[in-house]
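Here is a short tour for anyone who likes to think in contacts, angles and accessibilities. Have the viewer open and follow along.

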Amino acid sequence: MSENGGTFDLVILGAGSGGYAAAIRASELGMKVALIEKNKLGGTCLHVGCIPTKALLHSAEVADAARDSETFGVKADFQGIDMPGVNAYKDKVVNRMYRGLTGLIKSHGITVVEGEGRLTGPDEVTVGGAVYKGANILLATGSAPKTLGLDIDGEKVITSEQALEMQSVPASVVVLGGGVIGVEFASVYRSYGAEVTIVEALPHLLPLEDESTSKQLERAFRKRGIKYELGTPFESVKTTDSGVSVSLKGGKSLEADVLLVAIGRGPVSEGLGYEDNGVRMERGFVAVDENLHTGVGNIYAVGDLIPTLQLAHVGFAEGIYVAEQIAGLNPPAIDYDGVPRITYSEPEVASVGLTSAKAKEKGYETVELDYNLGGNGKSQILQTQGSVKVIAQKDGPVLGVHMIGSRVGELTAEGQLIYNWEALPSEVAQLVHPHPTQSEALGEAHLALAGKPLHVHE
């Protein structure tokens, strides 16, 4: 810990995924690093994002398994959700990872500064009265939930951050936003027994995914009893004695115990001295070039603060990239299309590369194959439905892999290798996948695209 200021090779403002990854990589490369954080090391992902939400989703999966146990010949009684027990499990996971990260940062000899920092010059960040001079500065102040200017009371109108602390399961929830956060929480609430309606202004759930995947998710959610209003903008919300009354464009209104506002996250950049020091802003985001440089002095920015994909693993990659750039290693630019994207709902949605629409927009002539998980043994054992869709350039490499089904998120590891190594379907077809696994579905899709289908029903 340091509260006295000093001079460093790299001063980092924000210790979330992007900030701490840059700190670790820079220290590995011999730099003297200061890491400034007003809350806890680990940022959004560890404390109010990826890790706690996925813990809730796992408990939701256990609830579903208990409820449906007779399908598998197991007699079990589902007696309900014990929210204090769920929260204790979730917090135990977060705290263990937090302790591990704290030890890791310490082992690298990184100077950790606790406090609210502000950019006060092209080469300095001030915390309280202490000035931290940096030959390089990295802005990594992350994001916070967007609220549409609504009054978030923390009880009837909440964001994802309050949803992580729920003490009991509401009987009914309206989820505003059908993106990743909204879909994941809708899935949790439904598994916990709540009546759920998602409101999404765009025509589909997960509007950034391939349309065929979104339609399958909508069907799966309908089967689970999750309702949705698509292509229907939100107008207003009133709190009532019993909960909330949500008005939609077109006159429809929905009554529920709780409104979860899940319309995404916006950058945390206001009042931090960025504009005062010439850093160019766009809609609250810090503008950067392909080297993640702001164009001012030696100031870089990464993570949710810049308009790239808001994913922890993107933050890690950007943090590492900046550290290596500063060290003169000239790292290759990040291909954002090659970043895997996962929604951990039930069923899961996972993708990497281009959607059909994006491939068409870029002028590719494509061939596509949609492999139904009905032909996959492990998926039948798990009693899940879905598909693996592969998009390839005609006579060329794979351009996109899009999957839906229980647990398919794990398959994006191979999907991103296929995309990023520009593999041809015929090359992937030669790889032997273990049986019975869901990974075979990827192999089967490529076998079929290579003209030699095996377990594929015409």
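Which residues does Asn-277 touch, not counting residues up to four places away in sequence?

## A buried loop residue

Leaving out those sequence neighbours, Asn-277 touches Leu-119, Thr-120, Gly-121, Pro-122 and Val-296. This is a predicted model, so please read every contact here as computed from it. Asn-277 sits in the loop between strand S16 (265-267) and strand S17 (281-282). Its relative accessibility is 18%, and because buried means under 20%, Asn-277 counts as buried.

## The open sheet and its helices

Now turn to an open sheet of five strands, whose order is S8-S15-S9-S10-S11 with parallel pairing. Strand S8 (157-159) and S11 form the edges, each pairing on one side only. Ignoring direction, neighbouring strands of this sheet are turned by 20° against each other on average.

Ser-172 has Glu-195 in S10 as its bridge partner. Two helices lie across these strands. Helix H6 (residues 180-191) lies across S8, S9, S10 and strand S15 (258-261), and runs at about 165° to S10. Helix H7 (residues 211-224) lies across S10 and S11, with an angle of about 140° to S11.

## Salt bridges

How many salt bridges does a search of the whole structure find? The search returns 20. In general, side chains of opposite charge can pair when their charged atoms come close.

Glu-195, the bridge partner of Ser-172, also forms a salt bridge with Lys-227, with the closest N and O atoms 3.5 Å apart. This pair links distant parts of the chain, as Lys-227 belongs to strand S11 (residues 227-230) and Glu-195 to strand S10 (residues 195-200), 32 residues apart. Both ends are partly exposed: Lys-227 has 46% relative accessibility, and Glu-195 has 39%.

Two further pairs are worth a look. Lys-133 and Glu-124 meet through their side chains at 3.0 Å, N to O. Here Lys-133 is partly exposed at 33% relative accessible area, whereas Glu-124 is buried at 15%. In the other pair, Lys-394 bridges to Asp-395 with the closest N and O atoms 3.9 Å apart. Lys-394 is partly exposed at 41%, while Asp-395 is exposed at 76%.

Which residues touch the most other members of the largest nonpolar core? They are Leu-35, Ile-105, Tyr-132, Leu-139 and Tyr-274, out of 48 residues in that core. Not counting residues up to four places away in sequence, Tyr-274 touches Leu-13, Leu-119, Leu-139, Thr-141, Val-268, Ser-269, Val-279, Met-281, Val-286 and Leu-305. There is also a second, separate core of 31 residues, and its members include Val-173, Tyr-192, Val-258 and Val-349.

In soluble globular proteins, nonpolar side chains tend to be buried together.

## A covered strand

Strand S1 (residues 6-13) pairs with S2 in the parallel sense over four bridges. Within that pairing, Val-11 stands opposite Ala-34 in S2.

## A helix pair

How do helix H11 (residues 412-420) and helix H13 (residues 439-449) pack, and at what angle? Their axes are 9 Å apart and meet at an angle of about 30°. Because angles under 35 degrees count as roughly parallel, H11 is roughly parallel to H13. At the contact, Glu-414, Gly-415 and Ile-418 in H11 meet Ser-439, Leu-442 and His-446 in H13.

Methods:
Residues are numbered from 1 along each chain as its sequence is written. This is a predicted model: local features need pLDDT of at least 70, side-chain atom pairs count only at pLDDT 80 or more; totals for chains, interfaces and linings use all residues. Side-chain values use heavy atoms; hydrogens and water are left out. A salt bridge is a side-chain nitrogen of Lys or Arg within 4 Å of a carboxyl oxygen of Asp or Glu. Buried means under 20% relative accessible area, exposed over 50%, partly exposed in between (1.4 Å probe, protein chains only). Two strands pair if DSSP finds at least two bridges between them. Axes are lines fitted to C-alpha atoms, for helices over the stretch in contact, and angles run from 0 to 180 degrees between N-to-C directions. Contact means heavy atoms within 4.5 Å. A nonpolar core is a set of buried Ala, Val, Leu, Ile, Met, Phe, Trp, Tyr and Cys residues joined through side-chain atoms within 4.5 Å. Angles under 35 degrees count as roughly parallel, over 145 as roughly antiparallel, 65 to 115 as roughly perpendicular and the rest as oblique.
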